[in-house]
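Q: I would like to learn how to read a model of a protein chain, going from single residues to the whole.

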Amino acid sequence: MDAADLIAKLSESHGIALDLKFDTARQYYISISATEIDTIPEVFINVYRKKNRLECQTLDLVKLNQKIIHAHNEVISMSDQTVQELIQDIRAEIAHLFKISEAIAMLDMLSSFAQLATCHDYVRAELTDVIDALAIKSGRHPICEKIHTKKFIPKDAYATQQSHFQIITGCNMSGKSTYIRSLALMTIMAQIGSFIPAEYASFPIVHQLFARVKRFNTCSRDARDGLYPSQHRIEKHGVIVDELGRGTSTTDGLAIAIAIAEALIKSHSPLWFVTHFPDLAVILAERSGVVSLHLAAEVSPDTSKMTMQYKIAEGPEQNRL
């Protein structure tokens, strides 16, 4: 007999309208209107008044509540035991599950690479053992070209032992950061086996890629970030540095950029050094392996308007308003 049947039987035998209630503390209990009863039958126990209602239980209802609690606890115990047994079974097959997950992940990656190579204008890059030679023709940023409404303007990149340290200057919002980040992304894509967004590309095999991207830091943090690559062997690594010294004063920032650039020039790896200090390109112009590039911009004759061309051009920036 369940609680509803028990209440129906009590209501019929005593001629009283009984309501079955439930809460987590008392489980099932009976609620009776105080106006419908003069004396409480002895069958009702644990009686107390709540406003114009009487709340109580019966011995049979208490026993039923105990059965429900025991059944609930038994279900929890059996469920926990089932889960533990399932975990043990899974542990016995964990090696196979790892192999399956790795195979699925590899298949997903390869299918994604195949979709890129088939549906987009991507090419297979060449990987060489020459650590100081990198060439990209009409390279594009794989993300920016998809999210921007305007057509992405491709850019070339070329680095050898004689031009391994490249200083990139240009106006704000001219595309300096996008340019070096696209080089980093294409390097990673080529080395993991993906086709890349370019007409042609040849990369050296790099062991690591050091990236110090744009942020507004203190002088000490700028110096620490910039010196990190120079304190490690980076002959087989790539390095991109984005606007070092931006968070300090002009004089201090230029001094930090010069000092760190001097240390990094000794590397034989391709290195792109984006800076908002045009004087850096002039100061380091005579160093071996250093070349200067800039993102071109067209300035109107009356200097009232500047149009970004988003193209890489040789030499330091000329338009200094």
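Predicted model: local features only at pLDDT ≥ 70, side-chain atom pairs only at ≥ 80, totals over all residues.

Q: Is S11 buried, partly exposed or exposed?

A: The general idea is that a residue counts as buried under 20% relative accessible area and as exposed over 50%, with partly exposed in between. S11 has a relative accessible area of 21%, and therefore it is partly exposed.

Q: How should I read Q27, and in which strand is its place?

A: The place of Q27 is in strand β2, residues 27-33, and with a relative accessible area of 14% Q27 is buried. A polar atom of the Q27 side chain lies 3.4 Å from the backbone oxygen of T24. Once neighbours within four places in sequence are left aside, Q27 is in contact with K21, F22, N65 and I69.

Q: Which residues is V241 in contact with, leaving aside its neighbours within four places in sequence?

A: V241 is in contact with I180, R212, L264, W272, F273 and V274. V241 is found in strand β11, residues 237-242, and it is buried, with a relative accessible area of 3%. A distance between C-alpha atoms can be read beside the separation along the chain: V241 and A261 are 20 residues apart along the chain, and their C-alpha atoms are separated by 9.7 Å.

Q: Turning to the whole chain, how many helices and strands does its secondary structure come to?

A: The secondary structure comes to eight helices and 14 strands. The radius of gyration of the chain is 37 Å, well over the 20 Å that the globule rule gives for 321 residues, so the chain is more spread out than a compact globule. Along its principal axes, the C-alpha trace spans about 110 × 55 × 40 Å.

Q: What do burial and contacts come to over the whole chain?

A: Buried residues make up 39% of the 321 residues. If we take contacts between residues at least 6 apart in sequence, 62% of them join residues at least 24 apart.

Q: What can be said of the surface and the charges?

A: The accessible surface comes to about 19200 Å², of which 56% belongs to carbon and sulfur atoms. The chain has 33 positive and 37 negative side chains, and the centres of these two sets lie 5 Å apart.

Notes: Residues numbered from 1 in each chain as written. Heavy atoms only, no water. Helix = DSSP H or I, 4+ residues; strand = E, 2+ residues; numbered from the N terminus. Buried < 20%, exposed > 50% of the residue type's maximum accessible area, 1.4 Å probe, protein only. Polar contact = N/O pair within 3.5 Å; in protein donor to acceptor, adjacent residues only side chain to side chain. Contact = heavy atoms within 4.5 Å. Rg over C-alpha atoms; globule rule 2.2 N^0.38 Å. Areas by Shrake-Rupley, 256 points an atom, 1.4 Å probe, with all protein chains shown as cover. Lys, Arg positive; Asp, Glu negative; His and termini not counted. Charge placed at Lys NZ, Arg CZ, Asp CG, Glu CD.
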